[in-house]
Amino acid sequence: MTIAPPDRLPVTIAPNSAPSPTGIRPTPAKSKTILVGFDLGTNKSCVLAGAAGNTDIAVSKVVPTVVGYVKDGIVDGIIAGNAQILYGEDALRNMLHVRLVAPLAAGVIADQDTARDFLRYLRTVVDPSGTAEIRAVIGVPANAGPQARDDIRHSALGVFDRVLLIPEPFLAALGYREDARVGQPNYLDPVVNSLFIDIGVGTSDVCLVQGYFPTREDQISIPFAGDAIDELLHEELNRVYPNNGLSRHKVRELKEAHGYVGPSRKPLEVKVIMGGKAHTIELGDTIARACNTLVEKIYPALTTLITRASSDSVVSLLQNIIVTGGGSQLKGIDAVLQKKLADDGYENPKVKLAGVDYKRYVAVGALKAARSARENQWQVLLG
Amino acid sequence: MIAALRTPADTEASLAQRLESIFAAETERVATAVVIAELLAPMLRPMSFSSAAPLSPAHAATRIVASNAPFTHPGRSGAADIADFIDEMIAQENAIDGPHRRAS
């Protein structure tokens, strides 16, 4: 008997099994199979998809993770197609006319129904015909517990035919790996030996990847990331410029445009609108204080994982430290971490940024996993 | 039983044919029942709601995770494909949550 939480239907998970000897298959026939790699992010989600047995990527999309439910009383014609639910950019564009709901918070599902609506929308993006079998590898935060995973499965029930949940740091390493260079003498394969620092919205995850699937000991999740920096920056701005009226959204924009770590850079003058009037404010120290806190939080986790690597592997490992996620866009974060390691005596450390494609690496890794997963590794969700 | 099935009009050939079709229908019926049982068996087995699937361990403490070290990695010497990594993930999660949590 499946034991279900009191207020929702049970989801039974069965491993995908080979057909019975009689050849009877319980699932309805689908016209084709589409494989999906899915990074379900708190702010933005990335979905890549392609037909099974094909290496082409037919769909590649980054979508703001937000759903807009059209408010009552909106006049016909205001919303394109008189849609009742909008997603992603459409929802944000029409924010005055919709109730915006973010299905995720801190990387995990916060609103089940909205998450399901969002996944249904992404399914239509991947398979407009609605006739394909959809198999999705979904990245989950390194610290996602059983409840968080079950929430994803509940939301995926009836949307995807098969799912596989894999921690994001490993998927990032898989996605970052240049498959064409694997085996070349000078190529440091991130799946074989690397440290990934994924600075997201709710958490910063540090993961040691050394040729086997990372264990609990190989992953450290720090509850300080983009949102926490925004909070600190907001507090600092309110302290330095009282009654500034700047929203959290505006503060985040300031961080994304001017955020940096390291010694204070002054003057850093920025024009903002306060109370309808333009003001020029100096942000150098304010931003430095907020962003440098991130380095203080991440660095101990980084050195902890370095000490877990074997002496045979650690010298190469130190050459392959990769920063990804939105936090990788903070100016100087690679140089500051590298300098700290060098100053502390680590042998020739090299910290790299994942680059402009950082938003896609988890989804790329997820699609690679989808293409490689064996039949019996996929999970069938039964409601 | 076979004698009971025989009708006055039956020849050996027609009786054999009818028996064959009865056996084929029963075989199909049993096979269908087996499939249904395979699907339903997990529901009949006591397991928690969050069972069955591979689950990564809960990092409930949001500070630096303490090491429990229940799983030792296999120390792969050669190249592995991605499916092998997924197998390791499933094995880790079974080691932590127990194999009874998987539907099978």
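**Figure 1. Pairing of strands S2 and S10 of chain A in the predicted model.** In this predicted model, strand S2(A) runs parallel to strand S10 of chain A, which covers residues 133-140, and seven bridges join the two strands. Within this pairing, Leu35(A) stands opposite Arg135(A) of S10(A). Strand S2 of chain A spans residues 33-39, and because six of its seven residues are buried, the strand is largely enclosed by the rest of the structure.

**Figure 2. The hairpin formed by S2(A) and S3(A).** Strand S2(A) is also joined to strand S3 of chain A, residues 44-51, through six bridges, and here the two strands run antiparallel. Four residues lie between S2(A) and S3(A) in this hairpin. The view includes Asp39(A), whose bridge partner in S3(A) is Cys46(A).

**Figure 3. Helix H5 of chain A and what covers its buried residues.** Helix H5 of chain A comprises 15 residues, 226-240, and its span from the first C-alpha to the last is 21 Å, close to the 21 Å expected at 1.5 Å a residue. The buried residues of H5(A) are Gly226(A), Ile229(A), Asp230(A), Leu232(A), Leu233(A), His234(A) and Leu237(A).

**Figure 4. Contact between domain 1 and domain 2 of chain A.** The domain assignment divides chain A into domain 1, made up of residues 181-224 + 297-356, and domain 2, made up of residues 226-290. Taken over C-alpha atoms, the centres of domain 1 and domain 2 of chain A are separated by 29 Å. Across the boundary, 12 residues of domain 1 of chain A are in contact with eight residues of domain 2 of chain A. The side of domain 1 of chain A that touches domain 2 of chain A consists, by class, of five nonpolar, six polar and one charged residues.

**Figure 5. The setting of these views within chain A.** The secondary structure of chain A comes to 10 helices and 19 strands. Chain A has a radius of gyration of 23 Å, close to the 21 Å that the globule rule gives for 383 residues, so chain A is as compact as a globular protein of that length. Of the 383 residues in chain A, 46% are buried, and among contacts in chain A with a separation of 6 or more, 70% involve residues 24 or more positions apart.

Key. Residues are numbered from 1 along each chain as its sequence is written. Chains are lettered from A and ligands numbered from 1 in the order in which they are written. This is a predicted model: local features need pLDDT of at least 70, side-chain atom pairs count only at pLDDT 80 or more; totals for chains, interfaces and linings use all residues. A residue is buried if 20 or more other C-beta atoms lie within 10 Å of its own, exposed if 12 or fewer, and partly exposed in between; C-beta atoms are placed from the backbone. Two strands pair if DSSP finds at least two bridges between them. The expected span of a helix is 1.5 Å times one less than its number of residues. Two residues are in contact if their C-beta atoms, placed from the backbone, lie within 7 Å. Domain bounds come from an automatic or database domain assignment. Ala, Val, Leu, Ile, Met, Phe, Trp, Tyr, Cys and Pro count as nonpolar, Asp, Glu, Lys and Arg as charged, and the others, Gly among them, as polar. The radius of gyration is taken over C-alpha atoms; the globule rule is 2.2 Å times the number of residues to the power 0.38.
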